[in-house]
Amino acid sequence: MPMLKDPSKKYNRFTPLNLPNRQWPSRTIDKPPRWLATDLRDGNQSLVDPMNGEEKWRYFKMLVELGYKEIEVSFPSASQTDFDFTRRLVETPGVVPDDVWLQVLAPCREDLIRRTVDSLKGAKKALLHIYLATSECFRRVVFGFTEEETIERAVACAKYARSITKDDPDQAGTEWAFEFSPECFSDSSPEFVIQVCEAVKAAWEPTVENPIIFNLPATVEMATPNVYADQIEYFCTNISEREKICVSLHPHNDRGCAVAAAELAQMAGADRVEGCLFGNGERTGNVDLVTLALNLYTQGIHPNIDFSDLNRVIDTVEVCNKIPIHPRAPYGGSLVVCAFSGSHQDAIKKGFVNREREGKAYEDTWQMPYLPLDPQDIGRTYEAIIRVNSQSGKGGAAWIILRKLELDLPRGLQIAFSKVVQKKADELGRELLSAEITDLFEQTYFLRDHPRFNIVDYSISVDRSTSPVPPEPGKTQDTKNLGRVFKGVVAIDGKEYQLEGRGNGPISSLANALKGVGIDLDVADYKEHAIGGGREVKAATYIECTSGSAQKVWGIGIHEDVVQSSLIALLGAASNFVLSRPGSPILSKHAPKRSLDQELDINGSGMKVPSATNGPTKSQDEVSETVKVLEAKANGM
Ligand SMILES: CC(=O)SCCNC(=O)CCNC(=O)[C@H](O)C(C)(C)COP(=O)(O)OP(=O)(O)OC[C@H]1O[C@@H](n2cnc3c(N)ncnc32)[C@H](O)[C@@H]1OP(=O)(O)O
Ligand SMILES: CC(C)C(=O)C(=O)O
Ligand SMILES: [Mg+2]
């Protein structure tokens with residue numbers, strides 16, 4: 001096994017800034033920054049296969065639709081593709097809205113700046129961005145520059161840029177803005193960065209109306225985010241003419257803290273953030289603009305970017321970048337608004353039920369266990385939230401049944417059905433799709449397949465024999481408290497039988513009718529609710545029955561008529577009662593359905609045999625009794 005080597009000599013610790021009077025820790029973010037989307041430049045330069053013109057075109061249009069007003073569209077001196085794409089944007093009427101700035105990047109080299117400016121000729125709003133590294137490492141290793149030489153180069157390029165843009169009469173039709181990035185800002189001496197930026201500012205001569213942008217990149221993220229915030233606060237408080245400056249952030253994500261760095265640095269005084277959607281960009285990426293925007297949104301601050309159809313954004317980003325969005329990416333990942341685990345599902349389900357009970361509307365305060373954002377706000381459906389596998393409890397499957405079938409299962413039925421779901425998920429060793437769960441439910445409770453016991457025809461009448469006193473002559477009898485008589489035809493495994501029973505109400509009279517044929521069930525739990533509304537309204541009835549053996553079974557009835565729905569539920573319970581005995585082909589959709597006689601004829605000999613381990617079960621006895629009674633009736637005995 002290789003051992004991780006001692007890093008103490010090889011790697012230097014970052015040096016935190018001594019900023020005893022720092023203000024940012026007690027500030028909050030209360031407005032969105034100016035956003036700059038650099039997907040088409042920093043994002044694009046990091047791709048295995050950079051975008052072609054068509055892909056850039058599609059991406060650009062999406063950024064505009066989302067609401068970005070500053071878009072870094074290219075590095076025009078790098079390739080003909082980038083140059084041509086920039087020209088196409090400038091030359092195609094209507095594609096760049098009047099309030100959108102086209103930003104382009106060039107290094108501090110006059111020939112490349114010239115080409116870059118040429119690419120934007122005729123643009124309405126053009127933002128020229130140049131960069132030069134200020135860190136000791138880059139000056140020494142890459143350029144061989146002293147500090148003075150760095151300042152000289154930066155100033156020369158700013159002056160040159162000025163001469164061919166805002167000072168050039170030929171460019172009068174274009175509103176020019178200017179951005180300078182001291183590359184590797186976060187690894188540079190803060191005092192030196194101020195020196196360079198003061199010199200560049202003097203060369204460009206910004207105004208309050210048209211400020212210069214100083215973009216302060218963590219080109220490589222090398223320290224904790226608080227250090228970046230300190231560096232930004234230092235810059236903001238030490239640069240002169242702050243009102244003529246827009247302080248911009250450009251965090252990379254090498255240590256995985258780019259979002260935190262961007263947020264703390266806004267608290268430290270920055271005005272603008274550069275990044276890419278879903279954090280694409282060099283190495284571990286630029287700061288993720290989706291996360292930053294939706295972090296604001298979940299604090300009640302509109303980011304001025306519209307992510308209400310995030311799936312569409314994901315589609316475009318994935319196609320153009322040719323990189324999938326990670327399933328756990330904040331907000332956008334396919335799994336981030338899903339809960340598989342039982343206790344999470346339970347809490348979310350309760351959260352939604354509470355919300356409904358309290359009559360909360362879509363726009364009312366959001367407070368939901370485990371869900372910081374209402375999935376609907378980014379175009380996700382509630383169905384996607386709860387997904388069921390072997391880690392799930394009763395709440396998950398119940399939620400899916402509620403959303404898909406509008407059935408609000410009683411707690412006992414949730415527990416019973418959850419066992420069925422658990423077994424199936426364990427058997428398959430994978431997630432059950434919501435369609436599979438509803439199928440399983442419909443099979444288990446005979447909502448699509450016919451139950452063993454089926455009502456064909458029936459009447460419920462008042463049982464006048466239960467009246468303690470006969471009605472007074474000439475007066476109508478109050479039948480409210482009298483018993484009921486069930487008379488009807490019940491098909492058992494397709495064969496029709498006449499049944500009759502008496503009881504306190506329709507359910508108990510049918511239960512007694514069933515008792516007459518050997519099915520002895522007591523109703524232990526009953527719940528009903530309406531499904532739908534208006535003329536389409538139906539009743540859903542849930543009945544839990546016990547038998548003398550304490551075996552519990554559920555039946556469900558759905559019908560326009562509430563009485564019939566409860567009778568169907570009771571017969572469903574009777575069917576499950578028969579099926580639930582050991583050895584029955586319970587829940588197996590494709591298993592051949594056996595007749596009641598076959599239920600008894602387990603060994604095919606025509607003789608009832610006791611179960612090998614438990615002896616004869618109550619249900620076997622009762623089925624036996626049922627068949628005896630039915631056969632006697634059929635034989636006219
Ligand atoms: C942190 C960032 O994201 S910075 C942006 C990086 N993006 C890109 O580089 C994408 C586009 N780049 C390119 O197409 C090319 O690198 C070009 C056109 C800029 C330059 O190409 P080439 O002239 O062939 O140079 P090459 O790429 O080999 O090396 C870079 C050169 O630029 C120099 N350079 C690097 N940064 C800068 C800068 N900010 N200003 C001026 N020169 C710079 C290097 O020192 C090196 O110079 P050298 O050739 O004298 O040693
Ligand atoms: C060009 C600059 C702004 C850059 O991309 C970086 O430093 O990361
Ligand atoms: Mg960058």
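Hi everyone! What you see is a predicted model, where local features need pLDDT of at least 70, side-chain atom pairs count only at pLDDT 80 or more, and totals for chains, interfaces and linings use all residues. Residues are numbered from 1 along each chain as its sequence is written, while chains are lettered from A and ligands numbered from 1 in the order in which they are written.

Let's start with the whole chain. There are 19 helices and 14 strands; these are DSSP runs, H or I of at least four residues for helices and E of at least two for strands, numbered from the N terminus. Of its 637 residues, 40% count as buried, meaning 20 or more other C-beta atoms, placed from the backbone, lie within 10 Å of the residue's own.

Now, what surrounds ligand 1? A shell of 15 residues does, and the closest are Phe 75, Ala 78, Pro 107, Cys 108 and Leu 132. A residue is near a molecule if its C-beta atom, placed from the backbone, lies within 6 Å of it. At least two shell residues come from each of α1 (39-45), β4 (125-133) and α5 (136-143).

On to the sheet. Three strands form an open, antiparallel sheet in the order β12-β13-β14, where pairing takes at least two DSSP bridges between strands. Its edge strands, β12 (522-531) and β14 (552-559), each pair on one side only. β12 and β13 (residues 538-546) are joined antiparallel over 9 bridges, and Ala 530 stands opposite Ala 539 in β13.

Note on methods:
Buried ≥ 20, exposed ≤ 12 C-beta atoms within 10 Å, placed from the backbone.
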